[in-house]
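Biologist: Please show me the chain, and then I will ask about it piece by piece.

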Amino acid sequence: MLRRDALRFLTLSWLTIPFGAASAKDKTLIEVWKSPSCGCCKDWVTHLEANGFKVAVNDTGNNSVRSQAGMPQKYGSCHTGIIEGYVIEGHVPADDIRKLLALKPDAVGLSVPGMPVGAPGMDGPDYQGRQDPFDVLLIVGEEHTVFSSYHKN
Ligand SMILES: [Cu+2]
């Protein structure tokens, strides 16, 4: 980048900060990495958008983002998101992401390992209302604690 362009870029970035900060208050941005053919990933993105998140989607790279961001592979699922420095792995409900951002624990982030049926994005008509129990895990280092449980009936 030319020096002149760099300066121009910095100036423009600086000018846009106040607007960005204002809209971030209403709509928190989550960046998501998934595979291009992942239908349940798309449905999870729709769930987040319906719950007031702004989602930036990348159709590749979730495995490398997961390992770079420090989410242990054993907690891996079909998509990886990053929001305010936290990793969100798999079909995590929007409510839990909000709770995480409010509590701000010292953690890698949240994971719903695998793809439990009934979790947001895994609850389409194909599953005919099936609701498997699942936990949202809070990941700290290589370990986890249960952040919330969804064990309906
Ligand atoms: Cu999935």
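Modeller: Before your questions, a word on one residue of this predicted model. K104 has 10 C-beta neighbours inside 10 Å, and 12 or fewer counts as exposed, so K104 is exposed.

Biologist: Where does K104 lie?

Modeller: K104 is not a glycine, yet its phi is positive, about 45 degrees. Most residues other than glycine have a negative phi. As for its place, K104 sits in the loop between α4 and β5.

Biologist: Is E84 buried, partly exposed or exposed?

Modeller: E84 is in the loop between β3 and β4. Its phi is positive at about 45 degrees, although E84 is not a glycine. Being buried takes 20 or more C-beta neighbours and being exposed takes 12 or fewer. E84 has 13 inside 10 Å, so it falls in between and counts as partly exposed.

Biologist: What pattern does the chain follow along the sequence?

Modeller: The secondary structure comes to four helices and seven strands. Read along the sequence, they follow α-β-α-β-α-β-β-α-β-β-β.

Biologist: Which strands stand at the edges of the sheet?

Modeller: The seven strands form an open sheet with mixed pairing, in the order β2-β1-β3-β4-β5-β6-β7. Two strands have a single partner each, so one side of each is left without a neighbour in the sheet. These edge strands are β2 (54–58) and β7 (143–150).

Biologist: How many bridges join β6 and β7?

Modeller: Strand β6 covers residues 134–140 and pairs with β7 in the antiparallel sense. In this pairing L137 stands opposite V146 of β7. The number of bridges between β6 and β7 is seven.

Biologist: What angle does α4 make with β5?

Modeller: Helix α4 (residues 94–103) packs on the sheet, where it touches β3 (80–83), β4 (86–90), β5 (109–112), β6 and β7. The direction of α4 makes an angle with that of β5 of about 160 degrees.

Biologist: Which strands does α2 lie across?

Modeller: Helix α2 spans residues 39–50 and runs at about 160 degrees to β2. The strands it lies across are β1 (29–33) and β2.

Biologist: What separates the C-alpha atoms of E49 and K27?

Modeller: E49 is found in helix α2. It has 14 other C-beta atoms within 10 Å, so it is partly exposed. E49 and K27 are 22 residues apart along the chain, and their C-alpha atoms are separated by 9.1 Å.

Biologist: Which residues have the most contacts inside the largest nonpolar core?

Modeller: That core has 30 residues. Elements giving two or more residues to this core are β1, α2, β3, β4, α4, β5 and β6. I139 is in contact with residues including M71, Y75, V108 and H144, leaving aside neighbours within four places in sequence. The residues with the most contacts inside the core are I88, L110, L137 and I139.

Biologist: What share of the chain counts as buried?

Modeller: Among contacts between residues at least 6 apart in sequence, 55% join residues at least 24 apart. Of the 153 residues, the share that counts as buried is 31%.

Biologist: Over which residues is the pLDDT below 50?

Modeller: The chain averages a pLDDT of 88, and 82% of the residues score at least 70. Where pLDDT is low, the predicted coordinates should not be read in detail. The stretch below 50 has one contact in the model beyond near neighbours in sequence, and it covers residues 11–24.

How values were computed. Residues numbered from 1 in each chain as written. Predicted model: local features only at pLDDT ≥ 70, side-chain atom pairs only at ≥ 80, totals over all residues. Pairing = 2+ DSSP bridges. Contact = placed C-beta atoms within 7 Å. Axes fitted to C-alpha atoms, helices over the stretch in contact; angles between N-to-C directions. pLDDT = per-residue confidence, 0-100. Core = buried A, V, L, I, M, F, W, Y, C linked by C-beta atoms within 7 Å.
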